[in-house]
Amino acid sequence: MTAPPSAPRAPSDPPHPLAPLFWTTLALGLLIAWDTTAFDLALARVFGNGGGFPLRDDWFFASVMHEGARRAAWVLMVLLAASVWWPVGWLRRLSTAERAQMAASALIALGVVTAFKQASATSCPWDLAEFGGMARYVSHWSRGIFDGGSGHCFPAGHASAGFAFLGGYFALRHRHPGPARWWLAASIAAGLILGAAQQVRGAHFMSHTLWTGWLCWTAGWACDLAAGLLCHRHAPSDSVLPSEGASHVRP
């Protein structure tokens, strides 16, 4: 006789609880190492010169990759929030808690990036005197030292339109590891592409984009830890829509 579909998973199936800690720490170390180099300015000089950044107002980068992508990200955000109560398509396979975590983690990630930007005195590459502006280059970690520009450019806000959805990986990985990996890859790709588009325009350094990715990943992980604590304190109150056999308890 074949095993019933409700047979429990093998112990190796659940994600390792320390895996996010390893990747978060490794990424942090690499980011700190990047900040000790001159790669930011070297990459900025590829696209800019003393007269500024020629592609700053280019139609594709300014209208499509900046304005269009930002609107698309907000549409996805609204759809995720609405799906908590009115799921459609494959979202019906998720529990209400999972859908809520996906929406909440994205909003929290955006809030974290926005808070860092508001507190930052770092100006954008196109503000630097080397590229036709008035500011001087100052590391974004040089607290209390102003570069003479408008500031509020670190980390990269536009890249968060892709990276903010990294939290969906944590919401999916416990019961849907395959879709979780696809969601993770898509979120990373979107964040890097949007960050690169802003790099070309002179709106951000590469480190701004990379730090945005790290902050959004960490925010998503923190939301997952909080969701795990809530799951242990409160029994699940819903099931997957529609019901598909026996339910699975989140590890």
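Modeller: Start with a term: buried means under 20% relative accessible area, exposed means over 50%, and partly exposed lies in between (1.4 Å probe, protein chains only). Buried residues make up 42% of the 251 residues in the chain. This is a predicted model, where local features need pLDDT of at least 70, side-chain atom pairs count only at pLDDT 80 or more, and totals for chains, interfaces and linings use all residues. Residues are numbered from 1 along each chain as its sequence is written, and side-chain values use heavy atoms, with hydrogens and water left out.

Colleague: What is the secondary structure of the chain?

Modeller: Eight helices and zero strands. Helices (H or I, at least four residues) and strands (E, at least two) are DSSP runs, numbered from the N terminus. Along the sequence the pattern reads α-α-α-α-α-α-α-α.

Colleague: What makes helix 3 roughly antiparallel to helix 7?

Modeller: The axes of helix 3 (59–83) and helix 7 (residues 177–201) come within 10 Å and cross at roughly 150°. Axes are lines fitted to C-alpha atoms, for helices over the stretch in contact, and angles run from 0 to 180 degrees between N-to-C directions. Under 35 degrees counts as roughly parallel, over 145 as roughly antiparallel, 65 to 115 as roughly perpendicular and the rest as oblique. So helix 3 is roughly antiparallel to helix 7.

Colleague: Which residues meet there?

Modeller: Contact means heavy atoms within 4.5 Å. Helix 3 brings residues including Phe61, Met65 and Leu80, and these residues meet a set in helix 7 that includes Trp183, Leu194 and Arg201.

Colleague: How many aromatic pairs are there?

Modeller: Rings of Phe, Tyr and Trp (its six-membered ring) pair if their centres lie within 6.5 Å; planes under 30 degrees apart count as stacked, over 60 as edge-to-face and the rest as tilted. By this rule the count is 13 aromatic pairs. One of them is Phe53 with Phe131, at 4.9 Å centre to centre and 40° between the planes, and that pair is tilted.

Colleague: Why does the pair of Phe53 and Phe131 tie together parts of the chain?

Modeller: Phe53 lies in the loop between helix 2 (39–47) and helix 3, and Phe131 in the loop between helix 4 (96–119) and helix 5 (160–163), so the pair ties together parts that are 78 residues apart in sequence. Both Phe53 and Phe131 are buried.

Colleague: Why is the pair of Trp141 and Phe154 called edge-to-face?

Modeller: The ring centres of Trp141 and Phe154 are 5.5 Å apart and the planes lie at 75°, so the pair is edge-to-face. Ring pairs also link Trp141, Phe154, Trp211 and Trp214 into a cluster.

Colleague: Is Trp141 buried, exposed or partly exposed?

Modeller: Trp141 has 42% relative accessibility, so it counts as partly exposed. Phe154 has 4%, so Phe154 counts as buried.

Colleague: How do you know that Arg173 is buried?

Modeller: The relative accessible area of Arg173 is 9%, so Arg173 is buried. Arg173 lies in the loop between helix 6 (167–172) and helix 7. Leaving aside neighbours within four places in sequence, Arg173 is in contact with Pro15, His16, Pro20, Ala180 and Asp224.

Colleague: And what makes Arg175 count as buried?

Modeller: Arg175 is at 15% relative accessibility, so Arg175 counts as buried. Arg175 is found in the loop between helix 6 and helix 7. Arg175 and Leu94 are 81 residues apart in sequence and 8.9 Å apart in space, C-alpha to C-alpha.
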